[in-house]
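Keep the structure open beside you as you read.

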Amino acid sequence: MYELPIFPLTMFPIPGEVVSLHIFEPRYRQLLQDIEVSGQAFGIYFAHGMNQEKLGSEVVLEKISKKYPGGESDIIVRCTGNFVLNRFYKKMSGKLYPGGKAVKLIKGPNQLLPTDLKYEFEVYSQLKNIDEDPSMIKTYDMALHLNLEMEDKMKFIRILDPNAQVQFLSNRIRYQAFILEQERKSKDTFQFN
């Protein structure tokens, strides 16, 4: 178990995911100042009713995109892992911002895609105009490209078995490719009067 600053939000990044945040409350401006100096990671706790497991995402500051005259900032953070929040407190000792005690989740393997999933990703990439070499894509990269719903992200990060990860991604990519293909077909058959 370890302690870290907590930023409750309705988002759930998975490893490798990059998100933008707008920092405006005094407590989170203090958090930003502290992590700028220390380089410490902080936690984004997924503050949503569906989060029965109390999951969160450990993130690190990638860059500060913009600082506003009133003290607000736009920042970019990258997820490095996920955790289960065991204890939450409204303020960390001597700070304005919240904190908590967490247990790191064991990350499932981030392996190169097997041949059949590479092919499925290649088909999906053409439908989405993704210009990335399928032979270099790993499982977490694919999960990010699929823009999984929050519930699916939570399921995915709990899968430790490589074969189960591949099966999960295969089901999701087939479904999304089917939807994209149906959209493309409907555009081709739609006619104006």
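## Charged pairs and nonpolar cores

With a relative accessibility of 42%, Glu62 counts as partly exposed. Please keep in mind that this is a predicted model. What does the side chain of Glu62 meet in a salt bridge? The partner is Arg78, at 2.8 Å from N to O. Arg78 is itself partly exposed, because its relative accessibility is 31%. Glu62 sits in strand β4 and Arg78 in strand β5 (residues 73-89), so this pair ties together parts that are 16 residues apart in sequence.

Strand β4 has another charged pair to show you. Glu58 forms a salt bridge with Lys104, and their closest N and O atoms are 3.4 Å apart. Here the strands involved are β4 (residues 55-67), which holds Glu58, and β6 (residues 99-104), which holds Lys104, so the bridge ties together parts 46 residues apart in sequence. Is Glu58 buried or exposed? Glu58 counts as buried, because its relative accessibility is 12% and the cut-off for buried is under 20%.

Now turn to the helices. A salt bridge joins the side chains of Glu120 and Arg174, with 3.1 Å between N and O. This pair links distant parts of the chain, since Glu120 belongs to helix α2 and Arg174 to helix α5, 54 residues apart. Glu120 is buried, with a relative accessible area of 15%, whereas Arg174 is partly exposed at 46%.

Next, the nonpolar interior. In soluble globular proteins, nonpolar side chains tend to be buried together. In this model, the largest nonpolar core has 26 residues, and Met142, Phe156 and Leu169 have the most contacts inside it. Which elements give two or more residues to this core? They are α2 (115-128), α3 (139-145), α4 (150-157) and α5 (162-189). The largest share, 6 residues, comes from α5.

Leaving aside neighbours within four places in sequence, Leu169 is in contact with Leu117, Thr139, Met142, Ala143, Leu146 and Phe156. Two of these partners, Met142 and Phe156, were named above with Leu169 as the residues with the most contacts inside the core. Apart from this core lies another, of 17 residues, including Val19, Leu31, Ile35 and Val77.

Key
Residues numbered from 1 in each chain as written. Predicted model: local features only at pLDDT ≥ 70, side-chain atom pairs only at ≥ 80, totals over all residues. Heavy atoms only, no water. Core = buried A, V, L, I, M, F, W, Y, C linked by side-chain atoms within 4.5 Å. Buried < 20%, exposed > 50% of the residue type's maximum accessible area, 1.4 Å probe, protein only. Helix = DSSP H or I, 4+ residues; strand = E, 2+ residues; numbered from the N terminus. Contact = heavy atoms within 4.5 Å. Salt bridge = Lys/Arg side-chain N within 4 Å of Asp/Glu carboxyl O.
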